[in-house]
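Please look at the sequence and structure first.

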Amino acid sequence: MASTVAVGKPAAGKPAAGKPSRGGRWSPWLFALPALVVYVAFLVYPALSSLFFSLTNWDGLSSTYEFVGLDNYLKLPQDPVVVTAVRNNLIWTVVTIAVPTVIGLLLAIALNGKVHGKPILRLIFYTPAVLPLVSIASIWGWLYNPQYGAINSFLRMIGLDGLATAWLGQDSTALWAVMVPAIWLRTGFPMLLYLAALQGIPNELYEAATVDGATRWQQFWNVTMPGLRPAHYIVLALSLIDSFKVFDMIYAMTYGGPGTSTQVMGTWMYFNVFQYYQAGYGTAIAVVITLVAIAVGIPYVRSQTREAS
């Protein structure tokens with residue numbers, strides 16, 4: 001007796017092939033839910049709240065505030081301290097990116113060669129990058145002390161009393177004095193990245209260049225620098241983002257002074273929110289800083305995404 005089999009109808013209790021069950025459709029979201037809750041609670045919600053309060057005249061304490069629209073943002077270009085802060089941010093960005101990058105590259109090239117004690121030297125040069133910024137600011141603040149600081153004491157000891165000055169107490173020297181420890185602690189990061197990139201350049205390229213009669217300088221520009229292109233991009237992108245967010249070093253060493261000579265956008269935002277009780281205006285400054293950091297970071301993220309894919 002011939003038996004017949006039903007075709008195209010799934011067995012009872014089993015989903016059709018190729019169609020996920022209702023529970024399976026939501027399973028990925030259930031796994032992602034804890035991280036999504038944390039992301040919304042600690043990033044999305046604060047960001048949207050900050051954006052909202054930047055459109056108000058909230059003082060940061062009272063429960064009442066008035067919606068003022070874009071007034072806080074329109075007031076920024078008219079604020080002389082903001083103009084000074086933007087200028088200082090630009091100076092800080094150029095100096096604290098260019099100098100540590102060049103020094104870090106030179107150190108990486110030196111440590112990539114035949115040098116005795118390379119592990120110890122790498123540790124010495126990279127250690128400042130992992131030290132707490134507040135402790136670094138305290139140490140350098142003591143070094144800059146006009147009466148008992150090691151810098152002025154050394155200048156007096158070698159007969160250069162005329163150069164001894166209040167480094168952090170004068171408009172003409174304060175910002176540059178703060179940038180010295182910033183350069184010192186930022187040098188280790190590019191050095192480490194460049195060192196890793198140098199070790200990834202095949203020796204065969206240098207051997208071929210030597211056979212072709214290339215000098216060391218020509219090998220540097222035609223072999224080393226192209227091989228370091230990804231490292232250049234990472235160093236510049238991350239350093240640029242970090243430079244726009246500068247706050248703790250300046251706050252701990254000069255408190256934005258003397259006067260407003262070392263004010264940057266981060267410190268002026270802090271003073272408006274927590275000292276002058278102009279939370280709406282201070283939050284508008286914070287939004288501008290965030291937008292600049294995002295604008296700088298987008299090309300970096302896109303390049304990393306393309307490389308990963």
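## Helix 7 and R186

A helix here is a DSSP run of H or I with at least four residues, numbered from the N terminus. The model is predicted. R186 belongs to helix 7, which covers residues 174-186.

R186 has a relative accessible area of 13%. Buried means under 20%, so R186 counts as buried. Beyond its neighbours within four places in sequence, R186 is in contact with W92, T96, P100, S239, D242 and S243.

## Helix 11

Helix 11 runs over residues 229-244. Its 16 residues should span 22 Å at 1.5 Å a residue. The end C-alpha atoms lie 23 Å apart, which agrees.

Which residues of helix 11 are buried? They are A231, H232, V235, A237, S239, I241, S243 and F244.

## Helices 9 and 10

Helix 9 (residues 203-211) packs with helix 10 (residues 216-227) at an angle of about 145 degrees. Their axes are 10 Å apart. The crossing is right-handed.

Helix 9 contributes L205, Y206, A209 and T210 to the contact. Helix 10 contributes Q219, V223 and T224. By type, these residues are four nonpolar, three polar and no charged.

## The loop at S62

S62 sits in the loop between helix 1 (22-53) and helix 2 (71-75). Its relative accessibility is 27%, so S62 counts as partly exposed. A polar atom of the S62 side chain lies 3.0 Å from the backbone oxygen of T64.

Note on methods: Residues numbered from 1 in each chain as written. Predicted model: local features only at pLDDT ≥ 70, side-chain atom pairs only at ≥ 80, totals over all residues. Heavy atoms only, no water. Helix = DSSP H or I, 4+ residues; strand = E, 2+ residues; numbered from the N terminus. Expected span 1.5 Å × (residues − 1). Buried < 20%, exposed > 50% of the residue type's maximum accessible area, 1.4 Å probe, protein only. Axes fitted to C-alpha atoms, helices over the stretch in contact; angles between N-to-C directions. Left-handed = near helix turned anticlockwise from the far one by under 90°. Contact = heavy atoms within 4.5 Å. Nonpolar A, V, L, I, M, F, W, Y, C, P; charged D, E, K, R; others polar. Polar contact = N/O pair within 3.5 Å; in protein donor to acceptor, adjacent residues only side chain to side chain.
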